[in-house]
Amino acid sequence: MSDLLGSILSSMEKPPSFSGERNKLLQKQKKIIEKQQAAQKEKLTKFREKIEKDINEFIQDPLKQKHKYSPMDKVYRNIIHDVADIAGVCAYAFGEDEVDRYVMVFKKEFAPSEDELNAYRNGEEWDPIKAKELALLKEQQKLSEVEDSKKRKLEVEPTTNYAFKYEKLLGKESGVAAARIATPNKTFGFVSSELKKDQRSIEQTLADIQAKKKLKKDNDAQESTSEIS
């Protein structure tokens, strides 16, 4: 009887150990992860093939200058950037990350200006006609500011033409009259400034100086004689 029981027990499978169950679970999880990775890789590969086809058609279409993609995750945007770089087209990303970030590609001959890029960055639509009008308006304003600056400079600069100066303010006749009043007077005090100028020659001036020295010397000598006597 004991031999029969031992034979039955020996033929039965042993209960699985804890380490064996854990290994099976890890293997199962590994297979799931590998399957997910393979599916993701295949998905990215198909997406890349689609983008390559899109950009190739975009390049071949003479009517298209740019193409905008829908918002997508960073991994997909990176694929667009990579394909665009290889294909020789410009690619820019706009919008807020993890919200509405998207990629736009441009043919190199129609590369966007800084103003156009700023419009997309600000979430605005680019209107080339409106932008051209705005640029023209800015240029006119700049020229107007330059002209105003020149006028202010001319008005500030002093002028000796009093008639012209007062003519602008008072009119031609009044301006001439005011200019006569504003003209510097050449007479100071009771003697004309012209008469105050020394008209003598250098020789005459030297002779006058010598005469004054001799006169002073004679006067000093007379005073000394008077004091001694």
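Q: In which order do the three strands of the open sheet stand?
A: This is a predicted model, in which local features need pLDDT of at least 70, side-chain atom pairs count only at pLDDT 80 or more, and totals for chains, interfaces and linings use all residues. Residues are numbered from 1 along each chain as its sequence is written, and side-chain values use heavy atoms, with hydrogens and water left out. Strands are DSSP runs (E, at least two residues; helices are H or I, at least four), numbered from the N terminus, and two of them pair if DSSP finds at least two bridges between them. The pairing in this sheet is antiparallel, and the order is β1-β3-β2.

Q: Which strands stand at the edges of the sheet, and why is one side of each left without a neighbour?
A: Each edge strand has a single partner strand, so one side of it lacks a neighbour in the sheet. These strands are β1 (66–68) and β2 (90–94).

Q: Which residue in β3 stands opposite F94?
A: β2 and β3 (residues 102–106) pair in the antiparallel sense over five bridges. Opposite F94 stands Y102.

Q: Is E116 buried or exposed?
A: E116 is found in helix α4 (residues 114–121), and buried means under 20% relative accessible area, exposed over 50%, partly exposed in between (1.4 Å probe, protein chains only). Because its relative accessibility is 9%, E116 counts as buried.
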